[in-house]
Amino acid sequence: MTASLGRRFAMTTVGFGVLAAAAVVTAPLVGSTHISLRRAFSTAIPFSENPDAQIFFIARLPRTLAGALVGSMLASAGVVFQGLLRNPLATPFTLGVSAGAALGAMLAITFGWSFTVAGMGAAPAASFIGSVGAVAIVYALARARHRGLSTNVLLLAGVTMNAFFSALILFVQYFADFSQTYRILHWLMGDLDISSYEPVITALPFVLVSLAVFAWLARPLNLLSLGIESAGTRGLNVATAQRAAFLSASLATGAAVSVGGPIGFIGIVVPHLVRLIVGPDHRLVLPASALFGAAFLIGCDVAARTVMSPVELPVGVITALVGGPFFLWLLVRKR
Amino acid sequence: MLQAADIVFGYHGSRPVLRGVSLDVPPNGFVGILGPNGSGKTTLLRALAGAVRPSSGRVMLDGRDVAAIPRQALARRMAVVPQETHLAFDYSVIEVVLMGRYPHLATFEIEGPQDLAIARAALAATGTLELEDRAFDTLSGGEKQRVIVASALAQISASAVPANGILLLDEPTAALDLAYQLELAALLRSLQDRLPIAIAISTHDLNFAAGLCRALVLLKDGQVLASGATDDVLTPDRIRLLYDVEAEVTRHPVTGRLMIVPLRRATAESRA
């Protein structure tokens, strides 16, 4: 206990903030066409005659910002789910959110739905609706027999819903033709192939609401680590904290998945790396994970765009290749 | 003063666990709740802490119904030490003790120098100051229990001198071996001597309660079998009724405390 919490908080947010900002600025510079940061930001050349600026702001920055948003939401939602379930191995997808989203996206693709809701295309909108549906079912089950939320029921209901939705996904896939199946597979791998600001702007309100709730949740999540009963006798309203945690983290996950698909491993790799650096206090882990999650996913996306250039890999492939071995290392690591 | 008046409670509408229980924990009192497994000890403690609400009867703290006291205000006066504590994440000892400061802080307020001083004073009072920077998970069972007692002390303290709060301990020795049981007993006795706190403890261990508590409440099937000063309450007849065991109650020649020697299971004749 050398530095006070206030100083550690400042050091953590500044440190990880600089990392995230650096990722946002440098990632758009990388790609098949080389561009210069100075020319992209030059005011001497009109925008319409400045290919560097056009590539930076129109072709690559939206994708980078989408990566930042998705990475930061999945990482911080992972922290909240781990705290809520008192289980360091929980992920944003443990409780059925992603399976519901996948089913929604699948239905939209397979049956060729073509509506737009608030600037979202059919697949993202349907995936968001699917995730909300899955969350509602799991939540209702976990509350059915308890005044608060039963985390055991949450876990079992979530895992069961995951399996059930996966079965439905296979069933729906039976009706898809070859090109639809390809699109579905691509979506399920998680991909940030985005070239407009619209998805980010549409998701932003959900993101801001979730972040505000996360800020309030930091200390309650610390207390929940002691156990539900102990948290309650220290003055925490456990039922309210659990509900807020489940709903806000699910909302963040649903928004992230509607933008980038179910990109795996971010929600578990980032929180664990962050805990190794800043310790277990959620008041440090949450902001650090949100910022580092952004930087981490942007980095993975740069790799996805470049390692097999000109072919672009779905970023979910990269996060899984990095995250899988890391996860196993965590499991066998000496404590 | 913590009082339970004729409280009744059952989980999810099943058979009541508590069937009209009354007890007093006076200021600076040391009350043991004694009974066999399943007698309702833990539930009684949870009701006293305000964690479960009795379906009838009331729990009063200084004359106010605990159900009407805001949970943070209640937590500043009364803390609970559970049987065992397992952390979900790798917190240090000082972080665990500082969690006791939760009910003293505003929503986004962080612990200040005063809170740190209170936490350190609580660690010192439980003899665990040198463990401050250790990871909680690496401690022995006895050390963990002392740190949780420190966290409870920090919770009921308004300043570095602990105020007149109440500590509730739920079978605190159930997971401890003999040396740690004695150590915890010595700690609780010394806390009681030095600090203006009241302690209520649930246990099924007759000798632990006899050596430690000034007053006892004997609980059987959710009802009070007897209550009062330890020396008056513990008789062979009552122990037979409570545990269905024949026992001899004597006074230890060295310590002068009551000592219970279980002899055998009660028989049909001895019960009559």
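Visitor: In which hand does H3(A) cross H8(A)?
Guide: A crossing is left-handed if the near helix is turned anticlockwise from the far one by less than a right angle, and right-handed if clockwise. This is a predicted model, where local features need pLDDT of at least 70, side-chain atom pairs count only at pLDDT 80 or more, and totals for chains, interfaces and linings use all residues. Residues are numbered from 1 along each chain as its sequence is written, with chains lettered from A and ligands numbered from 1 in the order in which they are written. The crossing of H3(A) with H8(A) is left-handed.

Visitor: How many charged residues are in the contact of H3(A) with H8(A)?
Guide: Residues are in contact if their C-beta atoms, placed from the backbone, lie within 7 Å. Those of H3(A) include A:Leu65 and A:Met73, and those of H8(A) include A:Val207 and A:Phe214. Ala, Val, Leu, Ile, Met, Phe, Trp, Tyr, Cys and Pro count as nonpolar, Asp, Glu, Lys and Arg as charged, and the others, Gly among them, as polar. The contact has 15 nonpolar and 3 polar residues, and the number of charged ones is none.

Visitor: Which strands of chain B are at the edges of the sheet?
Guide: Two strands pair if DSSP finds at least two bridges between them; strands are DSSP E runs of at least two residues, helices H or I runs of at least four, numbered from the N terminus. The open sheet has the order S2-S1-S4-S5 in chain B, with antiparallel pairing. Each edge strand pairs on one side only, and these are S2 and S5.

Visitor: What is the bridge partner of B:Gln3 in S2(B)?
Guide: S1(B) and S2(B) run antiparallel, joined by 6 bridges. In S2(B), B:Gln3 has as its partner B:Asp24.

Definitions and conventions
Two residues are in contact if their C-beta atoms, placed from the backbone, lie within 7 Å.
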